[in-house]
Amino acid sequence: MFTKKGWKEGDYVFASQPNGDHRDIVVGIVTGVENSNIGVNGMIINPVGLKNKVSQGKAGPQSLELLKNPNPKECIFALIYRVEHNNFTGVFNVTSDHVEKIHKNIHNIISGWVRESIPELINNVLSLPDGPEKEQAKRVLKQRMDTLYDKDLKKYMYSICRGLKILN
């Protein structure tokens, strides 16, 4: 596990917590530090769509590895399908839990991705058969992308959509 020394209030955090056979993703901000424990306030994300794909055998070993050991560089791929999220307030032990510092921009991209309901919009496009409904879902996704204020989130979303080949 890779951790940086010197935790302080206001640091941005990426962590994970066990949830059955897989782990849920936590992104947040450090609200307190005491020895090797840090208090975190943010959001917990359950990538239920990807978990369903894995359980149905429709996802490969990389997806399973991402669910078992999420990391901030690849977690967005767990957030392409439907997700459930909730507010999170908890304590992590930085010596034993999966916790790492992340840059503010990465935190904003991940939390913005979920708060803007992007997983549901992308999942709509990916799950519909070719036809007018799928084209409508693509238009809705494109309109949502065009209205995003956060330029990093917008750039990242365009990149993911191009990679998934869902942009016309």
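# Reading a fold, feature by feature

Guide: Buried means under 20% relative accessible area, exposed means over 50%, and partly exposed lies in between (1.4 Å probe, protein chains only). This is a predicted model, in which local features need pLDDT of at least 70, side-chain atom pairs count only at pLDDT 80 or more, and totals for chains, interfaces and linings use all residues. Residues are numbered from 1 along each chain as its sequence is written, and side-chain values use heavy atoms, with hydrogens and water left out.

Visitor: Where is the place of S117?

Guide: S117 sits in the loop between α3 (104-115) and α4 (118-127). Helices (H or I, at least four residues) and strands (E, at least two) are DSSP runs, numbered from the N terminus.

Visitor: Which residues have a positive phi although they are not a glycine?

Guide: First the general idea: most residues other than glycine have a negative phi. Here, S117 has a positive phi of about 60° and is not a glycine. K165 also has a positive phi of about 60° without being a glycine. K165 lies in the segment after α6. With 71% relative accessibility, K165 counts as exposed. A glycine can be read too: G57, which follows α1, has a positive phi near 75°.

Visitor: Is I118 buried or exposed?

Guide: I118 is buried, with a relative accessible area of 0%. This residue belongs to helix α4. Now read its contacts, where contact means heavy atoms within 4.5 Å. Leaving out residues up to four places away in sequence, I118 touches W113, L148, L153 and M157.

Visitor: What does R82 touch?

Guide: R82 lies in the loop between α2 and β4. Again leaving out residues up to four places away in sequence, R82 touches N46, P47, V48, G49, E120 and N123. The C-alpha atoms of R82 and P119 are 5.4 Å apart, although 37 residues separate the two along the chain.

Visitor: Which residues of helix α1 are buried?

Guide: The general idea comes first: an α-helix has 3.6 residues a turn, so residues three or four places apart point the same way. In helix α1 (residues 48-55), the buried residues are V48, G49, L50, K51 and V54. They pack against β1 (12-19), β2 (22-34), β3 (37-46), α2 (61-68) and β4 (84-93).

Visitor: At what angle do α5 and α6 pack?

Guide: Helix α5 (residues 132-146) and helix α6 (residues 151-163) pack at about 155°, with axes 10 Å apart. Axes are lines fitted to C-alpha atoms, for helices over the stretch in contact, and angles run from 0 to 180 degrees between N-to-C directions. Angles under 35 degrees count as roughly parallel, over 145 as roughly antiparallel, 65 to 115 as roughly perpendicular and the rest as oblique. α5 and α6 are therefore roughly antiparallel to each other.

Visitor: Which residues of α5 and α6 meet?

Guide: From α5 come L141, K142, M145 and D146; from α6 come K154, M157, Y158 and C161. By class, this contact of α5 with α6 has five nonpolar, no polar and three charged residues. Ala, Val, Leu, Ile, Met, Phe, Trp, Tyr, Cys and Pro count as nonpolar, Asp, Glu, Lys and Arg as charged, and the others, Gly among them, as polar.
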